[in-house]
Amino acid sequence: MAAQEAKKERRRRTELLQFYGRGSSEEAPYDINSKHFNRDMYVQKTIKESSLKQLLEHEAQLVSEIQVLDSDCQTLVYDHYDKFIAAADIVRKMKEGSVKMEAQITRLQENMGRITASSTGITSALQERRGHLSRLLGVHGTLRKLEFLFHLPQKLDECIIEKNFTEGVRSYVETAEVLHRYRHMPSFNAIHDDCEAAVGRLNQALKEQLALKEGSARHLTECVDLLLQLGEPAEGLCDDFLAHARTKLEDDLANLTKLAESAVGSGEAETPDQNPGEVAVSDDVKEPSQQEESCDDIKHDGVAMDILEFVDVCHETFVGNLWLVISSYKEMFLRSREEGGSGSSSVALEKLRVFVAELVEQYVAVVGVRVAAEPDTAHYAPLTTALDKFHRRLHAITQLLPNTNFGDTALSLVIEAGEARCQSSLSALKVGLASSLGDVRHALAAPRHLTQDGTESTHRQLNEHLTRLVAATAASIKERVTALQAFTQPKHTFAVRAEFRRRFCRELVREGVVVAFFLHITDTVLQFCHKKDKDPVLLLLLSRMCLDLHTSTVHYLLSHCDEQLQLEDKTGLTLLHTITDGMRDAGQRLLNHYVHTQGASISQMLRRSVELKDWLGCGEPRSVRRVMRTVLDEISTMDTQVGALYEEGNRRDRSSDSSRRTFHSVSASRGGAGGRSAWSSYTPSQLDNSLVANLNKLWSERIEIFAPVEFTRVSILTGIIKISLKTLLESVRLRTFSRFGLQQVQVDAYYLRTYLWSYVADEHVLNVLLDEVVTSASVRCCDPELMEQRVVEFICDQS
């Protein structure tokens, strides 16, 4: 392998040297491939510069190269010898073939000479007869033309009888110039008069055909074209053509109106799961009788023609005929004289525009009736495909008839259909929201079966209701946006128009559906603040729903809507914070209303318990009143419900002695020792109750009872407890107490203090309110004397 590569390298170097000339003169004597090679100098240089081992290797290499060169020389000789033999054979064969070819060429020349002589003799013999034959042929042609002219009136009558008007007009047009040219001759004058009479009958027959109502648009066009060829004035034919075309096109519109009205009649009975587009389109609906038959066939078993098939029928009947009428009218009445027409006429063009505009307006109205009857199945692909076909075909008519804009008329109907679907989508979303709220109300009103883990069960149920409500709302919005996205598919011609995208995507879908539904949610949940049969738990649940929508759901759904509709420019659109602020405000109002409602419920129990008890005749307290235990149970239930939906929130750290203090204000002012209440250290003669009460109010912080609550568990429970204790305080101020009555209030207040501190955010608020309750009772007491603290604690522990 190395020898072959060396051989190739040496050959390439030799060829390059031969082409460019040898290298430098200094290296030529030592170049074994050069013609100036000096073997003695090469041997001396090699012996001088190489070792013995290198000399032996160099010798082996030279021997190998010599053998390779010898082999190449032999191969080259053999190849050249084979080629030489093959070339000799080819030359020999060519010599043999050329001898035969020379004989054939000689015979061909002799044959061509004989043919030329024969042709010359024949031409000479027929020279005299050629002129005679030409004259006879001319006479024969003239006789045939004269025969055609003599039989032309009869032929025209036959064409009228057979209704072959095209052949009759063609025959007359071909001979009219000859008849007019030679009518001064008596024989031709008679033929001319007969032909004019026959043409008059042909003209009348064509006008009768033009007046037939059952004729198609193509037949009408043919009749008008034939009358124009017969020389009828284009002005009169223009009006006749449009009048007869109107009759046919109005028949088409009448049939389409029946189909549209049948869809309106059967729209209410149509099932939601009906799949549009499954009915095959009729192949032949161009004749009125066929249209009526197809209408009867399609509306079978109460199922009306679907929207796609309806649009196809419109295209095959009215739109197709209108297209043919416009094309034929332009071909006959609007061609220039150079093109063979009657000349351009602005009046004729204006007549055509008015004619087409009136019919297109009626057609759009019919399609609008059918589109309005299409049921809303939240699957708009068939509807949008039908609207795209409708838009493209009217736009094609615009291109056919310049200075018209039927594409905008079609786009208006498409936008109207999109607006109707957006309104129905919004209505469906509202119905879905009402249904979801109804399901939640029924679930909350259903009897509850208490279990051992009642707290976890409540957590799970309320969380499930909340998750289901929010998820259903988000899913319904996404589903409707995805369904309406069928109107914006790039394959639809109307979807790429900026006017449509601005009106549909921005105003109808985003603002008219998504934003409007968010505002509807806000209005709907706020209505529960004014209902008399409201469920407090539902208020709590709806407030949490509004908070979730405010936090993340509204932002996600609006972003999803903008992404699906490709809304990059947000100018003029409702801002996100406008919706989220409304949601938060609604949640705040619902939560405040929940607190007021629950506070009023507990307040009613406390007020009735104070009003119905005889505080002057009651005995020494031996236990906590039952209503206090009921209040604690209710608050515990509320805490469980609120805790299922809201986080704990921040609460102020308790003071070190708060577990033993009974009345914060009095203890702080008097500094009772050993946990003993300061009230027991004074006799009535030593204490001015009014002064103490006023001093306590002066130094205590003002507590706002009906302040807005935060979205936390402790804040909500604090609000309910503040309202309840404020009611208790006001009820106590309206009663008169004996000594034992005051002590009963003291026991009840200590009981509430012992268990309510874990529900409030700030224990100080609880202490102040309970202090005011006992203080007010002491002010209204005839013999104010408080019970010993250890006795109060013992009674509460026993209870």
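Tutor: The protein has 25 helices and zero strands. Both are DSSP runs numbered from the N terminus, helices being H or I with at least four residues and strands E with at least two. This is a predicted model, in which local features need pLDDT of at least 70, side-chain atom pairs count only at pLDDT 80 or more, and totals for chains, interfaces and linings use all residues. Residues are numbered from 1 along each chain as its sequence is written, and side-chain values use heavy atoms, with hydrogens and water left out.

First, the whole chain. Of the 799 residues, 41% count as buried. Buried means under 20% relative accessible area, exposed over 50%, and partly exposed in between, with a 1.4 Å probe and protein chains only. Among contacts with a separation of 6 or more, 80% join residues 24 or more positions apart. Contact means heavy atoms within 4.5 Å.

Now the salt bridges. A salt bridge is a side-chain nitrogen of Lys or Arg within 4 Å of a carboxyl oxygen of Asp or Glu. By this rule the count comes to 23. Take D312. D312 pairs with K389, and their closest N and O atoms are 3.4 Å apart. This pair links distant parts of the chain: D312 lies in helix α11 (residues 307-333) and K389 in helix α13 (residues 381-400), 77 residues apart. D312 and K389 are both buried. D312 also forms a salt bridge with R393, with the closest N and O atoms 3.8 Å apart. Again distant parts are linked, with D312 in α11 and R393 in α13, 81 residues apart. R393 is buried, as is D312. Together, D312, K389 and R393 are linked in a network of salt bridges.

Another salt bridge joins R510 to E511, the closest N and O atoms being 2.9 Å apart. R510 has a relative accessible area of 4%, so R510 is buried.

Last, the helix pair. Helix α19 (residues 626-645) packs against helix α23 (residues 739-756) at an angle of about 20 degrees, with the axes 10 Å apart. That makes α19 roughly parallel to α23, a label for angles under 35 degrees. The crossing is right-handed. M628, R629, L632 and I635 in α19 meet D748, Y751, L752, Y755 and L756 in α23. By class, this contact has seven nonpolar, no polar and two charged residues. Ala, Val, Leu, Ile, Met, Phe, Trp, Tyr, Cys and Pro count as nonpolar, Asp, Glu, Lys and Arg as charged, and the others, Gly among them, as polar.

Definitions and conventions. Axes fitted to C-alpha atoms, helices over the stretch in contact; angles between N-to-C directions. Parallel < 35°, antiparallel > 145°, perpendicular 65-115°, else oblique. Left-handed = near helix turned anticlockwise from the far one by under 90°.
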